[in-house]
Amino acid sequence: PPRSTLFPYTTLFRSGRRPKDAGNAVAPNFSVTVGTLVISSDPTDEEATAAALILETKLRDDFTGISDAGICCMTHRQQDLLSLKDLMAQSRAIVILLSAYSLQSMVQLTAILEAMEQREENSVPAMIPVNLPGFTFPDANYYADVLPNIWHGDTKWAEKRIRTFFKHISVGFDTRAADLVLDLQAKHVMSLVPRSFDSTVSSH
């Protein structure tokens, strides 16, 4: 079994008790480039997918200027959740696009929790929350009633890391805004991406 405590869904897959959106998340594995910039969005949300692709386009030139590792937009690569661990471990930064049902998406929760666990061990990757229209921050009801129905593992462990994640200052990104505004918002996101990256610090 995986070393990380993060993978209760491994048992779910084996037992057939899959998360409701897991079918959309499973696809062949892909190679991971150390130092990549990851953009994660809810794979079941078309508006979040569109926002991820727009943000990827606007970040591409600036990111290429500091790294040749490339951007991994997870809308292109709906990999299985186990390979998501390797992706989080070797990335420079994770941009989490927060949309209406992000915190009910197993893919999004896995990205957040795995990245937070990696940060506890190595202080990387950088975490960049990006709020989309329609997102609401989790309240007590979410942690008490919603999270236990999605995360079939230690929910107190998950809650602690989600709360820590939300201590990061988020950036707004509204695809309904004028292009000039989107450019400024994308530059704000890019300003939070570390310019330097020590590949020896990332986990394997």
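Predicted model: local features only at pLDDT ≥ 70, side-chain atom pairs only at ≥ 80, totals over all residues.
Let's start with a cut-off: a residue is called buried when its relative accessible area is under 20%, exposed when over 50%, and partly exposed in between (1.4 Å probe, protein chains only). Helices (H or I, at least four residues) and strands (E, at least two) are DSSP runs, numbered from the N terminus. Residues are numbered from 1 along each chain as its sequence is written, and side-chain values use heavy atoms, with hydrogens and water left out.

Back to α7. At the N-terminal end, α7 is capped by Asp-154, which has a side-chain oxygen 3.1 Å from the backbone nitrogen of Lys-156. That sits inside the polar contact rule: a pair of N or O atoms within 3.5 Å, where within protein one must be able to donate a hydrogen and the other to accept it, and residues adjacent in sequence count only if both atoms are side-chain atoms.

Helix α6 (residues 140-150) has a cap as well: a side-chain oxygen of Asp-139 lies 3.2 Å from the backbone nitrogen of Asn-141, at the N-terminal end of the helix. Which residues of α6 are buried? They are Tyr-142, Tyr-143, Leu-147 and Ile-150. These four cover an arc of only 85 degrees around the axis, so they lie on the same side of α6; the arc is that of the directions from the helix axis to the C-beta atoms. An α-helix has 3.6 residues a turn, so residues three or four places apart point the same way. On the other side of α6, Ala-144 and Asn-149 are exposed. The cover over the buried residues of α6 includes α5 and α7.

In helix α5 (residues 106-122) you'll find Glu-114. Is Glu-114 buried or exposed? Its relative accessibility is 0%, so Glu-114 counts as buried. Its side chain makes a polar contact of 2.6 Å with the side chain of Gln-118.

Now for the rings. A pair of aromatic rings is described by the distance of the centres and the angle of the planes. Rings of Phe, Tyr and Trp (its six-membered ring) pair if their centres lie within 6.5 Å; planes under 30 degrees apart count as stacked, over 60 as edge-to-face and the rest as tilted. By this rule there are 5 aromatic pairs. One of them joins Tyr-142 and Tyr-143, edge-to-face at 5.4 Å centre to centre with 75 degrees between the planes. Phe-165 and Phe-166 have ring centres 5.0 Å apart and planes at 70 degrees, so this pair is edge-to-face too. Phe-165 is buried at a relative accessible area of 0%, and Phe-166 counts as buried at 18% relative accessibility. Ring pairs also link Phe-135, Phe-137, Phe-165 and Phe-166 into a cluster.

On to the sheet. Strands of a sheet pair through backbone hydrogen bonds, either parallel or antiparallel. Two strands count as paired if DSSP finds at least two bridges between them. Here, 5 strands form an open sheet in the order β2-β1-β3-β4-β5, with parallel pairing. The edge strands, each pairing on one side only, are β2 and β5 (171-172).

Strand β1 (residues 36-40) has 5 of its 5 residues buried. Both faces are covered, with Thr-36, Val-38 and Ser-40 on one side and Leu-37 and Ile-39 on the other. β1 pairs in the parallel sense with strand β3 (residues 91-98) over 5 bridges; in β3, Thr-36 has Ser-91 as its bridge partner, and Val-38 has Ile-94. Towards strand β2 (residues 71-73), β1 runs parallel over 3 bridges, with Ile-39 opposite Cys-73.

Finally, strand β4 holds Asn-131, which counts as buried at 17% relative accessibility. Leaving aside neighbours within four places in sequence, Asn-131 is in contact with Leu-98, Phe-137, Ser-170, Val-171, Gly-172 and Phe-173.

Note on methods
Contact = heavy atoms within 4.5 Å.
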